[in-house]
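Good morning, and thank you for coming.

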Amino acid sequence: MAGRSGMRFGLIGWACGLSLCLAGGGFSVAPSPGNPLRTALPAEEAVLHSYLRALTRVPRGADLRRLQAEGRARGFRWVDSGVLVRILPAPGQKDAVVQALVQVPGVRVTNAYPTAIEALVPYDRVGALASIPGIRQVTHPRWLRPMVVSEGLSVVGAVRWQQLPQILGMTQPVRVGVVDIGFKGYQGLTGTELPPTGRVHTRNFRQDRDFESTEHGTAVAEIVIDFTSDVELYLAAVSTAGELAQAVDWLRQQGVQVINGSIGTIVRAGNGCCSPEYDELDRAARAGIVSFFAAGNEALSHWYAPDFADPDRDGWLNFQTLIPFVPGLLPDGSELNCFRAQRGHDLTLALLWYDWPATARDYGLYVFDALSLQPIAVADEPQTGTQEPVEYIELTGLIPRDGTYCVAIRRNQGAGGVPVELFIDSDLCGGRTPCFTYVVPEFSIIGPADGRNVIAVGGTVWNTDVLAPYSSWGPTLDGRLKPDITAPTHVSTRTYGDQGFVFAGTSAATPHATGAVALMRRKAFSVFPGTTVYEVLKARSRDLGPPGPDPMYGAGRLFMLPP
Ligand SMILES: [Ca+2]
Ligand SMILES: [Ca+2]
Ligand SMILES: [Ca+2]
């Protein structure tokens, strides 16, 4: 199976088998300069991700399907024989880099911003990128994912608004943009759960052209339209951060008043820096557009430490909990953070450290089988001063057997002194129990919900008003209060109801806020002079949890009526 060879691929370059590297049966590595599990690399080659470097050595006639599966595990996806990459230009070098890129035969620049360029590069041409000046890193795109885990309209006070006469409202339908991974089945719902065909506008920014990859966006749009069907609806399909930036730009040009994003990425800086979607969302805000994004489903699948703790000085981080969700399983200080996974399950892991935009602290992310202590996946790119502080693993169906697996974090070089974070796939644990041994819900807001000009929406269970256990907590890593607001989730939709599911996750909460703003603008555009509809929402929201604004519920749960 292609997947198994993908695992082996991840181990190329290991200096020794793990049994040789590990001292005794315990998990500790003999002190040595540098990482004994990784071979050294000349600094000038560090610009290319190791997967791309490996592609430059692929012989003609190689098995492309195997290469694609290996790429997927390392965060790369192919479109035909091209690989989608994220290219980080040095400051001021964007235009020069784009000019050089388009000289390379077969390369297509799919979007270009000062902070990052995305391009589709023929797999046998990736080597050409290493010699282009002004590039500080070529890596995988930041992939966006839907924030689903799986009866809320009257809960938020929308029914009274729907009964209001149309006196003070906008005379035109409200223009609402929905950015999402996919909109499967939306055509079957126009005129019923969605506006009529003439009022649904679509644009596909995905390089793989798969507008109907999932029904997720259709269910999200359905919730917005539950509030008011008097909407011009703009559906934009995206899969990467760069495509999201493009989509927000397009929506702004269409004159939308509200944007809904029930999607996000765990690869984010936490201070709104370093990726083009933030710049486009700032621009949208300056144009008066309100953007709601899912806060994330990561409260049970995130770990954080204020520094790289390594009291035994062996290079492997010692995990500690700030909030002991699972006391007693392992004492604080273990070098393994373990989780259960089933054979064939998907697994996404991101290691981030707060050293943006470019780091010389070189950390690595390792996943071991708890029984054999053999590594099943490794992400350990060199960080030599120009790269983003990210290590990323995406195992699609590659978990070899049902069992326990453990994450370890390695410091190869560079001092500590900056916060370290780990995200694991929230799907792994169904949103109810901690996803691994050491869980820290604080700072688990995803991107772009962590942005300054984005309203981050957390999720409360619709009939209990209790925060959903997975709903991401703030604050942001630079200390801003998030989420901004919470809204009901675990709700019914036609799209998911037909499949027997309730729609859970901050994905379902977000369009409640979007729908509320659309409805209020339509009904009473002019009744709140000198303030924004969002300010009104915030002021009316029902305070929950600790009194006043707090990093779990934000201002409170969405409520549209006066207090
Ligand atoms: Ca240690
Ligand atoms: Ca590294
Ligand atoms: Ca509160």
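Strand E15, residues 347–353, and strand E20, residues 420–424, run antiparallel and are joined by five bridges. Within this pair, tryptophan 353 has valine 420 of E20 as its bridge partner. A word on terms: helices (H or I, at least four residues) and strands (E, at least two) are DSSP runs, numbered from the N terminus. Two strands pair if DSSP finds at least two bridges between them.

Please keep in mind that this is a predicted model, in which local features need pLDDT of at least 70 and side-chain atom pairs count only at pLDDT 80 or more, while totals for chains, interfaces and linings use all residues. Residues are numbered from 1 along each chain as its sequence is written, and chains are lettered from A and ligands numbered from 1 in the order in which they are written.

The pair I began with belongs to an open sheet of four strands, in the order E13-E20-E15-E18, with antiparallel pairing. At its edges are strand E13 (302–305) and strand E18 (390–395), each of which pairs on one side only. From one strand to the next, the twist averages 5 degrees. For such angles, axes are lines fitted to C-alpha atoms, for helices over the stretch in contact, and angles run from 0 to 180 degrees between N-to-C directions.

Let us turn to another sheet. Four strands form an open sheet in the order E14-E19-E16-E17, again with antiparallel pairing. Which strands stand at the edges? They are strand E14 (337–341) and strand E17 (375–379); each has a single partner strand, so one side of each is left without a neighbour in the sheet. The twist here averages 25 degrees from one strand to the next.

In this sheet, consider strand E16, residues 362–369. Eight bridges join E16 to strand E19, residues 403–413, and the two run antiparallel. Valine 367 has valine 407 of E19 as its bridge partner, and aspartate 362 stands opposite glutamine 413 in E19. E16 also pairs with E17, in the antiparallel sense, over four bridges; there, the bridge partner of tyrosine 366 is valine 378. E16 and E17 form a hairpin with five residues between them, and leucine 373 in the turn has a positive phi of about 55 degrees.

Why is E16 described as largely enclosed by the rest of the structure? The reason is that seven of its eight residues are buried. A residue is buried if 20 or more other C-beta atoms lie within 10 Å of its own, exposed if 12 or fewer, and partly exposed in between, with C-beta atoms placed from the backbone.

Next, the helices. Helix H8, residues 241–253, has 13 residues and reaches 19 Å from its first C-alpha to its last, close to the 18 Å expected at 1.5 Å a residue; the expected span is 1.5 Å times one less than the number of residues. Because 10 of the 13 residues of H8 are buried, the helix is largely enclosed by the rest of the structure. Among the buried residues are Leu244, Val248 and Leu251, and also Glu243 and Arg252. The buried residues of H8 pack against elements including strand E3 (108–112), strand E7 (174–180) and helix H9 (276–286). Two residues are in contact if their C-beta atoms, placed from the backbone, lie within 7 Å. Just after H8, glycine 255 takes a positive phi of about 75 degrees.

Helix H7 (residues 216–227) packs against helix H11 (residues 506–524) at an angle of about 35 degrees, with their axes 7 Å apart. Residues of H7 in this contact include Val220, Ile223 and Phe227, and those of H11 include Ala508, Pro511 and Leu519. The residues of this contact divide into nine nonpolar, five polar and one charged. Here Ala, Val, Leu, Ile, Met, Phe, Trp, Tyr, Cys and Pro count as nonpolar, Asp, Glu, Lys and Arg as charged, and the others, Gly among them, as polar.

H11 also meets helix H12 (residues 533–540): their axes come within 10 Å and cross at roughly 115 degrees. The contact is made by Ala513, Ala516, Val517, Met520 and Arg521 of H11 and Val533, Tyr534 and Leu537 of H12. These divide into seven nonpolar, no polar and one charged.

Not counting residues up to four places away in sequence, tyrosine 534 touches Val290, Ile455 and Val517. Thank you for your attention.
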